Amino acid sequence: MVDIAKLFQGKELSESDQQLLAYIINNMDTVLQMGVRQIAKENYTSPASVIRLSKKLGYTGFIDLYYHLLPLVNAETVPAGTSEDEFFQLDHALVLQHNSIEDMDEFIEKVLCLNGKFIFIYAAGFSAIAAEYLYKKLLLLGKQVILATTLDSIGVLENNLKNIGAFVAISKSGETQSVIEKVLKAKNADIFTVAFTKETPNRLGECSNLNFKVTDQHKLDDRNLLPNTFFPFTLLLVEYLLSRYLKEINEVEEPTEEKA
């Protein structure tokens, strides 16, 4: 199931632009061969409109738009496995595939080892479930944490900016406007920002200081109707980060205990 809303969120697309984009996505198997002129003819518009649409979405032209959309659309058209084996055979290495050890060490240093200030966690929709899990895990570790979602007032962030040392956002699409706005507000206040998003380029990941990329099988399934491992893989990545942190602080404490 393809949901194109997040593709143009934050972009100024007219209703005709959106209809043209939907046409291109629904006909990905033929539009490249059709070419810009035929696409325009089928949609009662001009070739220039197709080019303008491509540029509004941030691409150099129609060909660039096509090859960026192709993997997203293909991911949505692969039939979901019907057996338990097909679903659970997904490689857990996907959790670490797009993230370096250096990124993890930076998260530990600038977020988990933060002292004297709060860690602010923000998410919307289904991502709020993963955010609450991270929030509770950090509380158990004795961290100062604030959790907020789109249901909370903007004042929760604005009134605590001077007390926040790190801002963590979770967004499957990386295109949720309210989340992006909060991250930018935090960055403007010189707060270290972290985003957990899908693995392909997205606005939230690009504007954050640190971006953890989690494999998303259905990148255009904005309503989360299809079976997807993004959220469980995010939780698994959180657990891995915490395990590295605990191992690190235990290694620091052990020599001290020996001296005592």
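## How α1 passes α2

In this predicted model, helix α1 passes helix α2 in a right-handed crossing. Helix α1 covers residues 15-26, and helix α2 covers residues 31-42. Their axes come within 11 Å. They cross at roughly 150°. An angle over 145 degrees counts as roughly antiparallel, so α1 and α2 are roughly antiparallel to each other.

Which residues make the contact? On the α1 side they are Leu20, Tyr23 and Ile24. On the α2 side they are Val31, Met34, Ile39 and Glu42. By class, 6 residues of this contact are nonpolar and 1 is charged. No polar residue takes part.

## The cavity

Rolling a probe the size of a water molecule over the atoms shows where empty space is left. Here the count comes to 1 cavity of 30 Å³ or more. The largest cavity holds about 30 Å³ of space.

What lines the largest cavity? Phe120, Tyr122, Ala148, Asp152 and Ser153 belong to the lining. So do Ile154, Val156, Leu157 and Lys182. The lining divides into 6 nonpolar, 1 polar and 2 charged residues.

## Elements around the cavity

Two elements can be named in the lining. Strand β1 spans 118-123, and helix α8 spans 155-158. Each supplies at least two residues of the lining of the largest cavity. Phe120 and Tyr122 lie within the span of β1. Val156 and Leu157 lie within the span of α8.

Methods. Residues numbered from 1 in each chain as written. Predicted model: local features only at pLDDT ≥ 70, side-chain atom pairs only at ≥ 80, totals over all residues. Heavy atoms only, no water. Axes fitted to C-alpha atoms, helices over the stretch in contact; angles between N-to-C directions. Helix = DSSP H or I, 4+ residues; strand = E, 2+ residues; numbered from the N terminus. Parallel < 35°, antiparallel > 145°, perpendicular 65-115°, else oblique. Left-handed = near helix turned anticlockwise from the far one by under 90°. Contact = heavy atoms within 4.5 Å. Nonpolar A, V, L, I, M, F, W, Y, C, P; charged D, E, K, R; others polar. 1 Å grid on protein atoms, 1.4 Å probe; cavity = no way out; pocket = protein on both sides within 12 Å on 5 of 7 lines; lining within 4 Å. Points joined across faces, edges and corners; volume = space filled by probe spheres on them.
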